[in-house]
Amino acid sequence: MAYSRITGVGHYVPENIITNEYLTTLMDTSDAWITERTGIKERRYFTKGKDTNASMATEASKIALARANLSATAIDFIIYATITPDYFFPGPGFILQRNLGIAGIGVLDIRDQCSGFVYALSVADQFIRSGMYRNILVVGAEIQSTFLNHTTEGRGVAVIFGDGAGAAVVQATEDENHRILSTHLHADGTYAEELYVKEPGSSGGERFYEQLLENPQMGDVVMNGNAVFKHAVVRFPEVIKEALAHNQLQSSDIDLLVPHQANLRIAEYVRQQLGLTPAQVMTNIQYYGNTTAASIPIAMSEAWEQGRINAGDLVCLAAFGSGFTWGSALLRW
Ligand code: ACO
């Protein structure tokens, strides 16, 4: 029986650092408000002409491949999670494949917003356990800065999000002691409009750019922050406990929880709910903001670099996001 295992992780963040102080020059906000509400001190924005969604993913993937000691030509499938593709279609997974020089293999683009990476990892796990593939590249990447309304009108959302990319190499293994133990995926479309971008959409009755010309706000991210917060603090602990129960484990067994970096207050609440110490929870939203599908692989890669993930550790990935979607992956590293 083949299991799957993450054998290499990597990340790339653009060099352009956007501090809270800088945002105060664009909108009526303050470092104190942003820090208190979200924990974010700075985020990265892509540099036009240098970075694209797929170029950042390419850099992250090359690092993950090197750490897995695997050549790109050994990859037999790509799964790419993003909600901010370079083109409306095709998705950036195809550009990544081209950049890596591995034309011919299958590419699957995944949306699923902030839960995109956990969904992608789960699909990779199923493909490997079914015997269909042995080496899968799983990516989460976002350029969100161009979707944000950097005026006082958009401040409730604009201060939260950032750009970046993370990647993981997932490989088949027969080793029961180092593998993905389980994944659990959920969604509730009742809340689809609590966090969404309406345009470019296909069902507005007019060509979407005509609607956007008339009403540019239709392209903004709309977020009911209060609803997101209330659901997130329930779903995160729920889906982590589901993963632990499925594997007859306790929260005290977790060596490192890598939650989607939505908001430091949410991560802190989840930590307390599960009775974990700060050392058991990875947070880096302070430096990168919320990078949606990229947040978990970036955090996982940084945690690995910092020596916080070691062979044999029980690592839990957990996500919540627009849709609403939520999910977890429990790994024995
Ligand atoms: N700077 C200064 N003031 C602001 C800003 C800002 N950036 N944004 C909003 N405000 C103002 C509002 O206008 C409002 O002013 P008013 O009282 O005069 O009307 C006041 O601050 C309070 O606004 P609220 O929206 O009620 O602020 P709240 O305390 O709820 O915090 C926040 C907003 C941070 C979004 C909070 O609801 C939250 O943390 N929600 C969770 C959402 C989240 O984490 N989203 C992440 C992305 S989704 C995901 O990854 C799952």
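Guide: Thr73 counts as exposed, because its relative accessibility is 65% (buried means under 20% relative accessible area, exposed over 50%, and partly exposed in between, with a 1.4 Å probe and protein chains only). The model is predicted, so local features need pLDDT of at least 70 and side-chain atom pairs count only at pLDDT 80 or more, whereas totals for chains, interfaces and linings use all residues. Residues are numbered from 1 along each chain as its sequence is written, and side-chain values use heavy atoms, with hydrogens and water left out.

Thr73 belongs to the loop between helix H3 (53-68) and strand E4 (77-81) (helices, H or I with at least four residues, and strands, E with at least two, are DSSP runs numbered from the N terminus). The side chains of Thr73 and Ser71 make a polar contact of 2.6 Å (a pair of N or O atoms within 3.5 Å; within protein, one must be able to donate a hydrogen and the other to accept it, and residues adjacent in sequence count only if both atoms are side-chain atoms). Although Thr73 and Leu100 are 27 residues apart along the chain, 8.2 Å separates their C-alpha atoms.

Ala243, a residue of helix H8, is buried because its relative accessible area is 0%. Its C-alpha atom is 26 Å from that of Asn226, 17 residues away along the chain. Gln144 occupies the loop between strand E6 (135-142) and H6. With a relative accessible area of 6%, Gln144 is therefore buried, and its side chain is joined to that of Thr292 by a polar contact of 2.6 Å. Over the whole protein chain, buried residues account for 56% of the 333 residues.

Some backbone values also deserve attention. Two peptide bonds are cis: the one from Phe89 to Pro90 has omega near -5°, and the one from Gly323 to Phe324 has omega near -15°. Pro90 lies in the loop between E4 and helix H4 (92-100), while Phe324 lies in the loop between E12 and strand E13 (325-332). Gln248, in the loop between H8 and strand E11 (256-259), is not a glycine but has a positive phi near 50°. Gln248 is exposed, since its relative accessible area is 69%.

The ligand itself is surrounded by 24 residues, and the closest are Thr29, Arg37, His260, Asn263 and Asn290 (a residue is near if one of its heavy atoms lies within 4 Å). A polar side-chain atom of Arg37 lies 2.7 Å from a ligand oxygen, and an N or O atom in the side chain of Asn263 is 2.6 Å from an oxygen atom of the ligand. For Arg265, a polar side-chain atom is placed 3.2 Å from an oxygen of the ligand. Helix H2 (31-38), helix H6 (155-158), helix H8 (225-246), helix H9 (264-274) and strand E12 (314-321) are the elements that give two or more residues to this shell. H8 gives the most, with 4 residues. The shell also draws at least three residues from each of domain 1 (3-176) and domain 2 (180-332), with bounds from an automatic or database domain assignment.
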